[in-house]
Every structure is written in C-alpha cells, then in structure tokens.
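Thanks, everyone. Please bring the chain up on the screen, and I will walk you through it.

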Amino acid sequence: RQLQTRTNAFTLSLAVADLLVGLLVMPFSATRSLYGCWFFGRTFCKVHTCLDVLLSTASIAHLGAAALVAICWVGSALLAVGPILLGWNTVGIEELVASSCPDACVLLMNAPFAIAGSTCSFFVPSFVMVVTYLRIYRVALHQARAVRNVVSVSSVAWEHCDINSRPEKRTDQRRDRSATKTLGIIMVAFVTCWLPYFSLTLLDPFTGFLAEPWVWESTAWLAYMNSALNPILYPAFNQAFRQAFRLVFT
C-alpha cells in the first residue's frame with residue numbers, strides 16, 4: 001500500500017506512455033529503419049506518426065509537469081493528432097512532400113509547426129524541469145548544511161538538540177537527497193536523449209531540409225531510448241519499488 005500515492009500514480013502513467021511507445025511505435029519504426037521502406041500502407045503511416053508524436057510528447061510532458069497527468073495526455077493529443085491528421089505540418093512544403101518517397105513514412109514539418117511542436121513538446125518542459133530541479137537542489141543543499149551544523153554540536157544534550165539531529169529526521173533527509181540525485185539523473189538522461197532530435201527538428205526547415213536520413217534515424221532512436229530508460233531509472237532509485245518487485249517475482 002505504500003506505493004499507492006499520487007507520485008506513484010504519476011509514475012504509473014509515465015510508465016504506460018513509455019510502454020505504449022515500445023509496443024505501438026518502436027516495432028514499426030525499427031522495421032522502417034532496417035529495410036529503409038514502409039510496408040504498412042499510407043493510412044497506418046498517418047496513425048503511426050500520430051501515435052509517435054502523441055506518446056513521445058506524453059512521456060516528455062510527464063517529466064516536465066509531474067502531478068498533471070490528465071493535462072499531459074490531453075495536451076499531447078491536441079498537439080499530435082489534430083494538426084498531423086489535418087496536414088498542418090505540411091502547409092507550404094507540399095512540393096517537398098510530393099517529391100519525397102511515398103513509402104518512407106517520415107514526418108515532414110514546416111517552420112511554424114517545427115517551432116510550435118519543439119517549443120511545446122521539449123523546450124518548455126525542459127525549462128520547467130531545470131527550474132524545478134534547481135529549486136529542489138537548493139533546498140537539499142540547505143538541509144545538508146543544517147544537518148552538518150547540528151551534528152557538529154555534539155556536546156548539546158539530546159533533549160536540547162535541534163529536531164534535525166534525530167535519527168528519523170536524518171533518514172528523511174537522506175531520502176530527500178537521494179530523490180534529488182534521482183531527479184538529476186532522470187533530467188540528464190531526458191535532455192541527452194531528446195535534445196539532438198528537437199534541435200534538428202527546429203533547424204531543418206531553416207536549412208532547406210538538408211539533413212540526411214541517417215541523421216534523422218540516429219536522433220529519433222536516441223530519443224526512443226528515453227522511453228526505455230525511464231522504467232529502469234525510476235525503480236532503480238526507489239527502494240519501495242525494488243522491494244515490491246522482489247515480492248512479486250520471488
């Protein structure tokens with residue numbers, strides 16, 4: 001029951017998004033990458049593209065807007081499904097779309113869509129994550145200094161000690177520092193995986209769409225890796241999750 005918290009409900013929603021990326025997006029993307037061709041028809045190409053943007057954006061939004069699960073999913077759906085199905089991403093670049101391989105199933109984006117999509121899907125959540133982490137890190141540093149100051153006053157009687165020196169309080173502070181480190185690792189993994197893809201997305205329309213297909217493939221698969229890492233990082237640094245997994249699998 002200790003896992004039944006709002007934070008873990010958010011983690012579950014993030015895990016669902018990452019799982020769906022692995023089940024509904026990556027297998028078809030892998031086939032396209034291996035054979036250099038799309039074998040599943042134009043209709044499913046649209047569906048696959050929408051799912052790709054929807055689920056990847058949902059995964060990113062969860063990291064940047066913890067506890068706003070419903071907003072993450074609804075916002076991702078509005079950004080992904082409607083504009084792509086309506087063709088807003090190809091307005092003004094119809095000639096490029098017509099000249100591209102019909103069996104490639106690639107997501108082509110005009111400059112306005114690239115700017116709006118990159119900003120909403122990556123740069124805004126990244127900014128929120130960085131600001132939030134820096135605030136948490138400052139609080140953690142303040143608590144660490146307080147603990148060191150209290151421990152150094154060893155001559156003070158127990159009943160007159162600051163409450164921060166009590167063992168249970170120290171345990172809570174160790175957990176806070178551990179959570180801060182975990183958040184930092186998750187944030188670094190997120191930025192490392194997604195920054196190349198969205199940088200390319202943002203720059204490509206302004207450079208005449210000169211990026212080579214292998215560059216797109218490389219950055220896309222690096223981005224997919226974030227969905228593979230999240231289910232590993234969260235349980236790896238959460239003792240309650242590890243204990244629950246041991247109970248389930250032993």
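Helices (H or I, at least four residues) and strands (E, at least two) are DSSP runs, numbered from the N terminus. Ser 227, for instance, is in helix H7. A word on the source: this is a predicted model, where local features need pLDDT of at least 70, side-chain atom pairs count only at pLDDT 80 or more, and totals for chains, interfaces and linings use all residues. Residues are numbered from 1 along each chain as its sequence is written, and side-chain values use heavy atoms, with hydrogens and water left out.

Now the overall layout. The chain has 8 helices and 0 strands. In sequence order the pattern reads α-α-α-α-α-α-α-α. Buried residues (under 20% relative accessible area, against over 50% for exposed and partly exposed in between, with a 1.4 Å probe and protein chains only) make up 36% of the 250. Take contacts, meaning heavy atoms within 4.5 Å, between residues at least 6 apart in sequence: 68% of them join residues at least 24 apart. Accessible areas come from the Shrake-Rupley method with a 1.4 Å probe, and for residues only the protein chains shown count as cover. The chain's accessible surface is about 14800 Å², and 68% of that belongs to carbon and sulfur atoms.

On to the core. By nonpolar core I mean a set of buried Ala, Val, Leu, Ile, Met, Phe, Trp, Tyr and Cys residues joined through side-chain atoms within 4.5 Å. Which members of the largest one touch the most other members? They are Val 21, Leu 63, Phe 190, Trp 194, Tyr 197 and Phe 198, out of 30 residues. Two or more residues come from each of H1 (6–35), H2 (41–64), H3 (69–86), H5 (111–152), H6 (167–203) and H7 (213–236). H6 gives the most, with 8 residues. Domain 1 (1–86) and domain 2 (88–154 + 169–249) both contribute, so this core lies between them. Those domain bounds come from an automatic or database domain assignment.

Let's zoom in on Val 21. Val 21 sits in helix H1. It is buried, at 0% relative accessibility. Beyond four places in sequence, Val 21 is in contact with Met 26, Pro 27, Leu 55, Ser 56, Tyr 224 and Ser 227. Val 21 and Ser 227 are 206 residues apart along the chain, yet their C-alpha atoms are separated by 7.1 Å.

So, back to Ser 227. Is it buried or exposed? Ser 227 counts as buried, at 5% relative accessibility. From Ser 227 to Ser 59 is 168 residues in sequence and 7.3 Å in space, C-alpha to C-alpha.

Tyr 197 next. Setting aside residues up to four places away in sequence, Tyr 197 touches Met 109, Trp 216, Thr 219, Ala 220 and Ala 223.

Finally, two loops. Phe 39 is in the loop between H1 and H2. Phe 39 is exposed, with a relative accessible area of 51%. Together with Leu 34, Tyr 35 and Phe 40, Phe 39 forms a nonpolar patch on the surface, with about 500 Å² of accessible area. Patch residues have over 30% relative accessible area and no salt bridge; like charges are joined within 9 Å, nonpolar side chains (Val, Leu, Ile, Met, Phe, Trp, Tyr) within 5 Å. A salt bridge is a side-chain nitrogen of Lys or Arg within 4 Å of a carboxyl oxygen of Asp or Glu.

Phe 209 is in the loop between H6 and H7. Phe 209 is partly exposed, at 24% relative accessible area. Its phi is near 55°, a positive value in a residue other than glycine. Most residues other than glycine have a negative phi.
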